[in-house]
Amino acid sequence: EGDSVFVIREPSLANFSRASSAAEILEWLERTRAGGEGHAVPVRTKAMERLCKLATEPGQVHRAYDLVEDPSDQTFVCALNALQRLEIRARREKSGAGGPGPRQDQGQGQGQGAEGDAGAAEHKGRGKREMKIRLVSPRTLEIAVDALKRQRETMKWNLFDAIFKTFIRYDMESEALELFRRFKEKQGMDTQRAYETIMDYYVSHWYHGEALALYHELLQNNMATVRIMTQALVIFKKRGLYDKMMSVFEDMTRFNVTPDVASFTCLIQGFEQQRRVDKVLFVFDSMVKLGVRPSEITLHTVVKALLRHLIQVDDDQETKSRAFQQLKNMIEAEPDERARDNLKRSMANALKRIWTTGRPSRRREELLIELRDLIFRSQDDRSK
């Protein structure tokens, strides 16, 4: 009772938002468990959700799970997702990465041949496997198995997702794929998000044949989502099959699937690697017309492709004027002031990355300065 003390007299769904640490919720769970106090499932589930957000180590989640009697599906989902976050962070710290890793952007590759990339990925995976098993706690696996045992006829996709990813982290690929087979038999082909999970797994583990087979199966059943199609783009980009990337983009139009920033960025990166500035500008123009807001990576790739082309073809004033004006209009056409500022900030960061990397040249610097002055004309923009 007081601003700095977390005490629950009459538990409700709102009480737990006041907790500032996982230890406070653990204390309440232990106290109520020792006193034999019973609370409704929504209250226990809410306590678990809040604790999973505040947890700083897997042991806190394990202890809370042990204290929650008769856990609900949502309790399992919260616990397994929190353990995934904490264990991935521990793995990064163990490997010396520290802090958050690079943002996962669809299609970050170098366009090398599939065989060379697959071999490198397989070698890298073997090197990390032993450390991965050491860092994943057997207690986490027990929670996933317990969640699976409690399922009867049906399973929600988010619980499937949490159990599947736990099995994959523990190198139990056969069990994960068996789970998918069982899930598919019970649920049928009506849960698209589960197939997105499988596509993510296939692509990240370089099972490109299985991924493309599933992609075409879902396409025939009119079930391919934008995320699934984006993963197909990633595969073709890694293999350097840029014509196939364009066919996936056409499939999106044919099946009324609206591309998102990840799919547009993947396409733009692929054509930039191929030095096809015409295709880069075509895809970017389609992105702007659909009202999809580009990310910093998108802008960086577009400007990099454009500068490379203009340095090689010094007299291509038409391409320069069209592209520079397109970048300027895209930012100025944004009606929301905050979103417009975010776009300008992304553009500024993209220009900075290009300015500080790559081979310097007078022509390159002149183009960068010209683009900067076109977009950031006002003194207010310059100061920001």
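1. Contacts along the chain. Among contacts in the protein chain between residues at least 6 apart in sequence, 68% join residues at least 24 apart. The model is a predicted one, and the points that follow should be read with that in mind.

2. Overall composition. The protein chain comprises 19 helices and 0 strands. Of its 384 residues, 46% are buried.

3. Gln60. This residue is placed in helix 3, which covers residues 58-67. Its relative accessibility is 14%, so Gln60 counts as buried, the cut-off being under 20%. Leaving aside residues up to four places away in sequence, Gln60 touches Ala22, Leu26, Leu51 and Ala55.

4. Leu80. Helix 4, residues 73-94, contains Leu80. With a relative accessibility of 1%, Leu80 counts as buried. If residues up to four places away in sequence are not counted, Leu80 touches Thr140, Ile143, Ala144, Ala162, Ile163 and Thr166. The C-alpha atoms of Leu80 and Leu141 are 9.1 Å apart in space, while the two residues are 61 residues apart in sequence.

5. Asn222. The loop between helix 10 (208-220) and helix 11 holds Asn222. Its phi is near 55°, a positive value in a residue other than glycine. Asn222 has a relative accessible area of 53% and is therefore exposed, since exposed means over 50%.

6. Helix 13, length and burial. Does the span of helix 13 agree or disagree with its number of residues? Helix 13 runs over residues 261-273, and at 1.5 Å a residue its 13 residues should span 18 Å; the C-alpha atoms at its ends are 18 Å apart, so the two agree. Helix 13 is also mostly covered, with 11 of its 13 residues buried. The buried residues are Ala262, Ser263, Phe264, Thr265, Cys266, Leu267, Ile268, Gln269, Gly270, Phe271 and Glu272.

7. Helix 13, surroundings. Which helices cover the buried residues of helix 13? The cover includes helix 11 (226-239), helix 12 (242-254), helix 14 (277-289) and helix 15 (296-312).

8. Arg275. Helix 13 is followed by Arg275, which is placed in the loop between helix 13 and helix 14. Arg275 has a positive phi of about 65° although it is not a glycine. The relative accessible area of Arg275 is 53%, so this residue is exposed.

9. Helix 14 with helix 16. The axes of helix 14 and helix 16 (residues 317-332) come within 11 Å of each other and cross at roughly 25°. Helix 14 is therefore roughly parallel to helix 16, because angles under 35 degrees count as roughly parallel. The crossing of these two helices is left-handed. Helix 14 contributes Leu281, Phe284, Asp285 and Val288 to the contact, and helix 16 contributes Thr319, Arg322, Ala323, Gln326, Leu327 and Met330. By type, the residues of the contact of helix 14 with helix 16 are 6 nonpolar, 2 polar and 2 charged.

10. Helix 15 with helix 16. Are helix 15 and helix 16 roughly parallel or roughly antiparallel to each other? Helix 15 and helix 16 pack at an angle of about 160°, and their axes are 11 Å apart. They are therefore roughly antiparallel, as angles over 145 degrees are counted in that way. The crossing of helix 15 and helix 16 is left-handed. In this contact, Leu299, Val303, Leu306, His309 and Leu310 of helix 15 meet Thr319, Lys320, Ala323, Phe324, Leu327 and Met330 of helix 16. The residues of the contact of helix 15 with helix 16 divide into 8 nonpolar, 2 polar and 1 charged.

11. Asn329. Helix 16 also contains Asn329. At 36% relative accessibility, Asn329 counts as partly exposed. Asn329 and Val288 are 41 residues apart in sequence, and their C-alpha atoms are 9.6 Å apart in space.

Notes. Residues are numbered from 1 along each chain as its sequence is written. This is a predicted model: local features need pLDDT of at least 70, side-chain atom pairs count only at pLDDT 80 or more; totals for chains, interfaces and linings use all residues. Side-chain values use heavy atoms; hydrogens and water are left out. Helices (H or I, at least four residues) and strands (E, at least two) are DSSP runs, numbered from the N terminus. The expected span of a helix is 1.5 Å times one less than its number of residues. Buried means under 20% relative accessible area, exposed over 50%, partly exposed in between (1.4 Å probe, protein chains only). Contact means heavy atoms within 4.5 Å. Axes are lines fitted to C-alpha atoms, for helices over the stretch in contact, and angles run from 0 to 180 degrees between N-to-C directions. Angles under 35 degrees count as roughly parallel, over 145 as roughly antiparallel, 65 to 115 as roughly perpendicular and the rest as oblique. A crossing is left-handed if the near helix is turned anticlockwise from the far one by less than a right angle, and right-handed if clockwise. Ala, Val, Leu, Ile, Met, Phe, Trp, Tyr, Cys and Pro count as nonpolar, Asp, Glu, Lys and Arg as charged, and the others, Gly among them, as polar.
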